[in-house]
Structures are given as C-alpha cells and as structure tokens.
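Let us read a new structure together, one feature at a time.

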Amino acid sequence: MTTITPYLTSPDGEKQLQWLVKVFGAEVERKQTTEDKSKIVHCTVKIGEAQLMFADDFPDQRESKKAATPAAFGGSPISLSLHVKDAGAVWKTAMDNGAVEQMKLEVQFWGDKYGKFKDPFGFEWQISETVKKVEQEELDKACAEAFPDHTNKKRKASD
C-alpha cells in the first residue's frame with residue numbers, strides 16, 4: 001500500500017499535539033523530544049485511519065536558517081483535508097478550541113457538508129462529511145452554476 005503523509009513544521013509542537021488530541025481525537029503513535037523535553041523532534045499521530053507527522057521548528061538545522069512555520073510563510077502553504085463522520089461535532093470542537101472559520105460549514109453542491117478553518121498554529125483545515133451522493137450530470141451542472149466564469153467555456157485560440 002502506498003500512502004502520502006503530511007509532515008508539518010509547528011510553532012509549538014506540544015500545544016499542537018494537545019490540540020490535535022482534543023479536536024480530532026488524535027492518538028500518538030510515536031513521539032520523540034529534545035533531551036530537555038522542551039521541543040518535539042518528531043511526532044506521528046493517527047486521526048481515524050489517517051496519519052499525520054509533525055515536529056517543532058528547528059531553523060538552525062536548515063541551510064537557510066529560516067523558520068518554516070505557517071507564520072514564516074505568511075500563512076499555511078497547504079490545506080489539510082479531513083473527511084469525518086460528524087463534521088458538525090468536529091467543527092464545534094475546533095471552534096471551541098481556538099480555530100478561526102475561513103469558510104462556513106454547510107452542505108455544498110457536491111454533496112458534502114464542508115467548511116474550512118485555520119487552527120491556532122496557522123494550518124488550514126478542510127472538514128467534510130458526505131451527506132448525499134451527487135450524480136456526475138448533476139455535479140457538472142451545479143459546478144457550472146457555482147463557477148460560471150471558470151467552467152464549461154471554450155477558450156479562444158489565443159488563450
């Protein structure tokens with residue numbers, strides 16, 4: 001089996017770990033810290049069947065000596081998408097624990113209850129729950145209505 005696992009650089013690994021446990025029910029599979037226990041060198045957690053890895057930022061270990069947290073980039077350069085059984089419950093727990101809504105959680109044209117938020121560490125999360133199965137024809141029509149300037153238009157030869 002082949003998988004892809006995000007590896008995040010955290011501004012505060014221990015606080016991020018506690019947030020992941022509280023909000024998503026993350027389970028620690030592996031955790032290594034510095035000798036003085038002040039920073040996480042590596043942590044692997046499971047969220048449902050998904051795996052996520054992260055560590056505190058160690059800019060001195062990089063050739064550039066620059067930080068690699070979301071704040072250092074002016075925001076998260078990626079978005080983490082998590083499909084859950086109860087998006088409303090996850091959403092409420094995230095909001096109650098410092099997440100900031102970026103896109104309201106509501107049923108979308110593709111059939112999922114979906115929303116986006118930024119966690120207290122600067123990472124963007126997309127939360128979704130399948131509400132209904134949408135057939136391809138209905139999906140194409142709804143997509144064209146939702147994005148009239150971006151779908152189903154023929155481009156000029158010069159484009």
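The dialogue below goes from the whole chain to single residues.

Q: What should I know about the model before I start?
A: This is a predicted model, where local features need pLDDT of at least 70, side-chain atom pairs count only at pLDDT 80 or more, and totals for chains, interfaces and linings use all residues. Residues are numbered from 1 along each chain as its sequence is written, and side-chain values use heavy atoms, with hydrogens and water left out.

Q: How many helices and strands does the chain have?
A: Helices (H or I, at least four residues) and strands (E, at least two) are DSSP runs, numbered from the N terminus. Here the chain has three helices and eight strands. Read from the N terminus, the order is β-α-β-β-β-β-α-β-β-β-α.

Q: What is the radius of gyration of the chain?
A: The radius of gyration is taken over C-alpha atoms, and the globule rule is 2.2 Å times the number of residues to the power 0.38. For 159 residues, a compact globule would come near 15 Å, but this chain has 19 Å. Along the principal axes, its C-alpha atoms fill a box of roughly 60 × 40 × 35 Å.

Q: What share of the residues is buried?
A: Buried means under 20% relative accessible area, exposed over 50%, and partly exposed in between (1.4 Å probe, protein chains only). Of the 159 residues, 34% count as buried.

Q: Which residues of the largest nonpolar core touch the most other members?
A: A nonpolar core is a set of buried Ala, Val, Leu, Ile, Met, Phe, Trp, Tyr and Cys residues joined through side-chain atoms within 4.5 Å. The largest one here has 27 residues, and Trp19, Leu20, Phe24, Val45, Phe117, Trp125 and Ile127 touch the most other members. Helix H1 (13–24), strand S3 (40–47), strand S4 (50–56), strand S5 (79–83), helix H2 (87–96) and strand S8 (124–130) each supply at least two residues. H1 gives the largest share, five residues.

Q: Which residues is Leu20 in contact with?
A: Contact means heavy atoms within 4.5 Å. Set aside the neighbours within four places in sequence. Leu20 is then in contact with Gly25, Ala26, Val45, Ile47, Leu52, Phe54 and Trp125. For the chain, take contacts between residues at least 6 apart in sequence: 47% of them join residues at least 24 apart.

Q: In which sense do S5 and S8 pair?
A: Two strands pair if DSSP finds at least two bridges between them. S5 and S8 run in the parallel sense, over five bridges. His83 stands opposite Ser128 in S8.

Q: In which sense does strand S7 pair with S8?
A: Strand S7 (residues 112–118) pairs with S8 in the antiparallel sense, over seven bridges. Lys118 has Glu124 in S8 as its bridge partner. The hairpin of S7 and S8 has five residues between the strands, and Gly122 there takes a positive phi near 100°. S8 itself is mostly covered, with six of its seven residues buried.

Q: How many salt bridges are there?
A: Side chains of opposite charge can pair when their charged atoms come close. The rule for a salt bridge is a side-chain nitrogen of Lys or Arg within 4 Å of a carboxyl oxygen of Asp or Glu. The count here comes to three.

Q: Where do Glu14 and Lys31 lie?
A: Their side chains meet in a salt bridge (2.7 Å, N to O). Glu14 is in helix H1 and Lys31 in strand S2 (residues 27–33), so this pair links distant parts of the chain, 17 residues apart.
A: Arg62 forms a salt bridge with Asp57, with the closest N and O atoms 2.7 Å apart. Arg62 counts as partly exposed, at 26% relative accessibility. Asp57 is buried, at 7%.

Q: How many residues apart are Lys92 and Asp96?
A: Both lie in helix H2, four residues apart, about one turn of the helix. Lys92 is exposed at 52%, and Asp96 is exposed at 53%.

Q: Where is Thr69 found?
A: Thr69 is in the loop between S4 and S5. Thr69 is buried, with a relative accessible area of 9%. Not counting residues up to four places away in sequence, Thr69 touches Thr9, Ser10, Pro11 and Asp57.
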